[in-house]
Amino acid sequence: MDVKINKVDNKFDVILTGRLDTTNADQFQKDIEILMEGENPDITLDCKDMEYTSSQGLRMFLMLQKSVNARGGKLVMKDMKPQVKEVFDITGFSNIIKII
């Protein structure tokens, strides 16, 4: 999984590329640590190039959502491929994380 983070003020635009699974979840967690800091963060995850997420990846997204909620921010995931969106729908994560 390749993670590119652009920050302007308290707004983060994050581009996710590739697969998120148990082999790279630890690195992904390190990559997104900056997103867990500060007050009222607005985070947009661009998922157009994300190919796959495992349950380990879902756990990372849930952790991020809880962190954002606790700090009064907003998390949005956008442009998911149908096969990735299906995982979020089946697991109920579509009801937890805003997907556009």
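Two residues are in contact when heavy atoms of one lie within 4.5 Å of heavy atoms of the other. In this predicted model, Asn 24 is in contact with Met 1 and Arg 19, leaving aside its neighbours within four places in sequence. Asn 24 belongs to the loop between strand E2 (11-20) and helix H1. Its relative accessibility is 16%, and Asn 24 therefore counts as buried, the limit for this class being under 20%. A polar atom of the Asn 24 side chain lies 2.7 Å from the backbone oxygen of Arg 19.

Arg 19 also takes part in an arrangement with an aromatic ring. The charged end of Arg 19 sits over the ring of Tyr 52, at 4.2 Å from the ring centre.

Aromatic rings were also examined in pairs, and the count comes to 3 aromatic pairs. One of these joins Phe 28 and Phe 61: the ring centres are 5.7 Å apart and the planes stand at 70°, so the pair is edge-to-face, as planes over 60 degrees apart are classed in this way. Phe 28 lies in helix H1 (residues 25-31) and Phe 61 in helix H2 (residues 55-70), so the pair ties together parts that are 33 residues apart in sequence. Phe 28 counts as buried at 3% relative accessibility, and Phe 61 counts as buried at 1%.

Phe 88 and Phe 93 make another pair, with ring centres 6.2 Å apart and planes at 90°, so this pair is edge-to-face. Both Phe 88 and Phe 93 are buried. Phe 28, Phe 61, Phe 88 and Phe 93 together form one aromatic cluster.

Note on methods:
Residues are numbered from 1 along each chain as its sequence is written. This is a predicted model: local features need pLDDT of at least 70, side-chain atom pairs count only at pLDDT 80 or more; totals for chains, interfaces and linings use all residues. Side-chain values use heavy atoms; hydrogens and water are left out. Rings of Phe, Tyr and Trp (its six-membered ring) pair if their centres lie within 6.5 Å; planes under 30 degrees apart count as stacked, over 60 as edge-to-face and the rest as tilted. Helices (H or I, at least four residues) and strands (E, at least two) are DSSP runs, numbered from the N terminus. Buried means under 20% relative accessible area, exposed over 50%, partly exposed in between (1.4 Å probe, protein chains only). A charge sits over a ring if NZ of Lys or CZ of Arg is within 6 Å of the ring centre and within 35 degrees of the ring normal. A polar contact is a pair of N or O atoms within 3.5 Å; within protein, one must be able to donate a hydrogen and the other to accept it, and residues adjacent in sequence count only if both atoms are side-chain atoms.
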